[in-house]
Amino acid sequence: MQQLAVVDRVGTGVLDLFASVGAVATFGARAVVAAARPPYEAREVLKHLYQFGCRSAPLIVTAGFAIGIVLSMHTRASLERFGAEAMIPAGLAIALIRETGPLTAGLLVAGRVGAGIGAEIGAMKVSEQIDALEANAVDAFKYLAVPRILALMIAMPLLTIMMDFSGIVGGYVAEAAVSGMPWRLNFERAFSYITYSDIILATLKTIVFGFLIAVVSSYLGFTTSRGTEGVGEASTRSVVMSSMLIILSDVILVKIIFFFYPAVSG
Amino acid sequence: MNAVRFDHVSKAFGALKVLDDISFEIPTGQAFCLLGRSGTGKSVTLRHIVGLVQPDRGNVLVEERDIAALAGRELADVRKRMGFLFQNGALFDSMSVGDNVAFPMRRHTDWSDAEIRERATRKLADVGLDHDYDTMPSDLSGGMKKRAALARAMALDPAILLVDEPSAGLDPITAGEIDDLLVKTKQGGTTLVVVTHNIPSARVIGDAFAVLQEGRMLARGTLATLDASEEPLVQAFMHAQGGG
């Protein structure tokens with residue numbers, strides 16, 4: 001009897017998980033369709049692009065700079081043993097551009113922007129502002145969710161480039177402090193093993209991260225209930241679910257990139 | 001023509017039956033006051049009219065169109081002809097009071113920015129908030145929020161104005177001013193559907209009345225009909241001196 005209860009609980013949990021995944025996927029598909037139809041809410045997209053992009057930039061640049069310094073220090077400690085210090089800028093740039101920059105930028109944005117989207121839309125839901133939009137003959141989904149999704153899909157690659165660049169600068173500062181390497185030589189070495197495919201493919205995959213963060217957070221905002229407690233929960237779950245999806249999708253996207261562009265894996 | 005008609009409408013949320021076979025009609029230009037104790041389905045009735053809630057059974061007709069059967073642009077076109085004052089105001093808290101009132105104008109008209117500002121200021125003046133255009137909703141008192149929300153509901157001079165508790169949280173003088181504004185709006189040809197607990201206010205505004213009790217219509221008719229009703233709850237309501 002007890003075993004049946006466990007099976008029942010697990011089964012219910014799995015079914016709930018599939019139902020949630022299905023609901024989020026439907027929400028995302030609806031957003032894609034809605035984005036293609038007028039009105040285009042360009043003003044809202046620009047407003048959110050400023051909020052998500054410009055306002056996240058200080059965090060991204062600071063984090064990138066710090067990661068660059070730390071990565072440089074770790075890389076030096078490893079490569080020194082083999083007398084390969086000259087490879088430090090290249091190793092740092094490869095790590096940052098291919099993986100660390102996009103993934104870290106995605107996780108930071110999931111924390112800063114995802115939580116904000118979940119909380120803002122959730123608060124609008126529980127205070128009937130979403131109903132007020134609908135009563136004012138405005139499609140709340142198209143007005144609230146679609147511009148946020150588009151804005152974050154645009155902002156993510158730009159923020160990733162900022163993170164990559166500030167990380168390389170951070171790495172240079174750390175390296176210059178230890179070895180006195182001139183900046184021109186540092187940058188030449190940094191980009192000597194980097195191809196355009198590395199930069200473009202790794203940066204473009206963050207468009208998917210932006211889509212996932214905004215879709216999940218908007219969905220959780222729209223489905224908020226139970227007042228302020230529900231708003232807090234929507235905010236927290238937005239960060240947790242976005243972060244998990246970013247990590248999972250990163251694995252899949254890297255696999256896809258390696259499949260179609262084997263040169264990148266070299 | 002009827003502005004609104006409920007035809008055997010029933011609605012339940014889970015096991016909770018909120019409306020049970022409700023039927024009534026509101027002729028264009030009339031003020032219909034929906035009375036009843038808290039939790040009897042009055043606000044849900046209003047939400048049916050604007051299409052925020054769909055009936056489980058029956059039909060809700062707005063200007064002879066089944067609101068539940070409409071979607072997209074058609075639904076938006078019907079909603080543009082309505083204004084809705086929510087019970088808690090539901091002002092957009094990321095916009096100033098003036099921008100809240102200007103919002104429907106920006107969305108649905110091609111008026112210039114200057115014209116929209118001028119019209120929004122005039123709407124705010126109607127509710128005594130003409131100096132609060134740039135104030136944020138969070139800086140307003142509960143009563144002021146309600147008045148600002150009423151100004152937003154009236155922004156496009158709607159054909160049908162749905163008002164949920166217009167005098168709740170207002171001082172008697174302001175409540176009287178809001179009543180006068182609603183009467184003036186009705187005289188301008190707007191159909192009013194007013195949910196209220198404030199019987200003196202309902203007596204000023206209403207042409208027709210209905211009392212809801214546990215999702216059913218307990219009584220319906222003119223002021224004289226309801227005053228003459230022998231139903232104890234109706235009597236208790238009609239002889240109440242305040243509320244809100």
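**Reading burial and a helix face**

Trainee: How many of the 244 residues of chain B count as buried?

Mentor: A residue is buried if 20 or more other C-beta atoms lie within 10 Å of its own, exposed if 12 or fewer, and partly exposed in between, with C-beta atoms placed from the backbone; of the 244 residues of chain B, 45% count as buried. This is a predicted model, in which local features need pLDDT of at least 70, side-chain atom pairs count only at pLDDT 80 or more, and totals for chains, interfaces and linings use all residues. Residues are numbered from 1 along each chain as its sequence is written, while chains are lettered from A and ligands numbered from 1 in the order in which they are written.

Trainee: What is the length of helix 2 of chain A?

Mentor: Helices are DSSP runs (H or I, at least four residues), numbered from the N terminus, and the expected span is 1.5 Å times one less than the number of residues. Helix 2 of chain A, residues 42-54, has 13 residues and reaches 17 Å from its first C-alpha to its last, close to the 18 Å expected.

Trainee: Why do the buried residues of helix 2 of chain A line one face?

Mentor: The arc is that of the directions from the helix axis to the C-beta atoms. The buried residues here are His48(A), Phe52(A) and Gly53(A), and they line one face of the helix because they fall within an arc of 115 degrees seen down its axis. On the other side of helix 2 of chain A, Arg43(A), Tyr50(A) and Cys54(A) are exposed.

Definitions and conventions
Helix = DSSP H or I, 4+ residues; strand = E, 2+ residues; numbered from the N terminus.
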